[in-house]
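Reader: I am new to this structure. Please show me how to read its features.

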Amino acid sequence: MTRSPADRIWDIVLTCTVTCSAILVPLFLVFEDSFSSSRWQFDLLFTFVFVVDIIAHWRRSKDAGVAGARSPYSFGWFSLDLIAAIPFWLLTGAVWLQVLRLAKLARIVHLMRIWRRRSVQHWSMLRLLFFIYWIILSIHWISTGWIVIHGHDDHVGHASDYLKSVYWCVQTLSSVGYGDVLPMNDAEYLYAICVMLFGVGVFGYIVGNMASLLANFDPAKAHYLETMEKLAAFMKYKKVPHPLQRRIREYLEYLWEKRRGYDEASALSALPPQLIVEVSVHLKRDIIEKAPFFRGAGEDLVREIALQMRPVTYLPGDHVFKAGDRGREMYFISKGRLEVVSQDGTTVLTTLSEGEFFGEIALLQNRPRTASVRALEYCDLYTLDKSALDHVLEVNPAFAAQVQESISERLARGM
Ligand code: CMP
């Protein structure tokens, strides 16, 4: 179910309130005397926000039901929300019942799952942030639990008391254990053992996941670096000449700058056909808008051509093809300049740049390439194969005449 901007703002308000309750409720219970007046005000706020949340949730589920979607407000969620919203401690007089507010944390777990699923791009970052969130809350809870078991230190204020227990918690969790704050009785020993075991689990998780977490921050970069490393090792092993190694490196670096290492075809392969067409048109919009070749073509044709066009990159000095080669495709220049060199290689016939095309003569006249074409700088081109070109010209007779005219002109200018 899609969430409206108002829902999203409410999610944030709810997360802040629940976090606030998760921090304050244990403090209210441990330092009762310090919070005797403010606990009421905060409790009123928690009740208000949690009740509003139940109403909002109920209304949302009703709307979803009307729209034919499955009602997302199950009995289980409703019960949990209700338990968290009712001020049982006020009704019964049992102060410890305030911990029932923490039942609302289940909703935060649920929201975190939704956020992670929605922002695929920042998935790893969110995973790390949420992990830190739970660690901080755990440290807070364990520390307040320690105060309950260990008792208050009457010689210092509440703030120092709390700080000391956080100090004990962190050193026990991380298994540092300086031994300056010691368990004194069986309950404290038992508690310390549990905290240590929990700490072993947490740090095991951190060590086990840190590498993949860091790699996942930028999977494209990790993949790119891995490709570069493998290729460098391979070229060294095969004793590829250094100038060639440098060119390969430069090519991959350029591709990284340009496309962040993504290959268009494989990136789109997971999409359904209709989306592939739309993304292809979007990706090739630059060349479609720049090239006069496409000006006469209707929207449908443009979509069809966009789907057939493949991106290729050439380095400065690279030959796209040489005169006499067999022609299989024609080219559109998205970026960069190329020179057309006569068959004998002595004359530069012309220089082509953004928006222009070449390589059409061999395709349309079924003959070998009439000239060589060489990149003068980094060039981003799109190729279009013969069958696609034939189709474009067939459905666009006026445009075919224009291309024929351009061919005659080019041929007349010499080769
Ligand atoms: P083709 O013969 O397939 O391959 C070489 C290409 O260079 C040719 O198609 C034309 O697209 C282009 N070409 C050839 N001669 C000229 C010219 N004089 N001016 C501009 N482009 C040319």
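Author: Start with the surface: M125, L129, M210, L214 and F217 form a nonpolar patch there, with about 440 Å² of accessible area together. Patches are made of residues with over 30% relative accessible area and no salt bridge; like charges are joined within 9 Å, and nonpolar side chains (Val, Leu, Ile, Met, Phe, Trp, Tyr) within 5 Å. Accessible areas come from the Shrake-Rupley method with a 1.4 Å probe, and for residues only the protein chains shown count as cover.

Reader: Which elements give two or more residues to the nonpolar patch?

Author: They are α6 (123-150) and α8 (186-217), and α8 gives the most, with three residues. Helices (H or I, at least four residues) and strands (E, at least two) are DSSP runs, numbered from the N terminus. This is a predicted model, in which local features need pLDDT of at least 70 and side-chain atom pairs count only at pLDDT 80 or more, while totals for chains, interfaces and linings use all residues. Residues are numbered from 1 along each chain as its sequence is written, and side-chain values use heavy atoms, with hydrogens and water left out.

Reader: How do I read a salt bridge?

Author: Side chains of opposite charge can pair when their charged atoms come close. The cut-off is a side-chain nitrogen of Lys or Arg within 4 Å of a carboxyl oxygen of Asp or Glu. The structure holds 13 salt bridges. One of them joins K104 and D53 (2.7 Å, N to O). K104 lies in the loop between α4 (88-92) and α5 (105-118) and D53 in helix α2 (residues 38-66), so the pair ties together parts that are 51 residues apart in sequence.

Reader: Is K104 buried or exposed?

Author: Buried means under 20% relative accessible area, exposed over 50%, and partly exposed in between (1.4 Å probe, protein chains only). K104 is buried because its relative accessibility is 0%.

Reader: Which residues are closest to the ligand?

Author: A residue is near a molecule if one of its heavy atoms lies within 4 Å of it. Here 15 residues surround the ligand, and the closest are G359, E360, A362, R369 and T370. α15 supplies the largest share of this shell, three residues. A polar contact is a pair of N or O atoms within 3.5 Å. An oxygen atom of the ligand is 2.6 Å from an N or O atom in the side chain of E360. The protein covers 99% of the 450 Å² of accessible area that the ligand has on its own.

Technical notes: A polar contact is a pair of N or O atoms within 3.5 Å; within protein, one must be able to donate a hydrogen and the other to accept it, and residues adjacent in sequence count only if both atoms are side-chain atoms.
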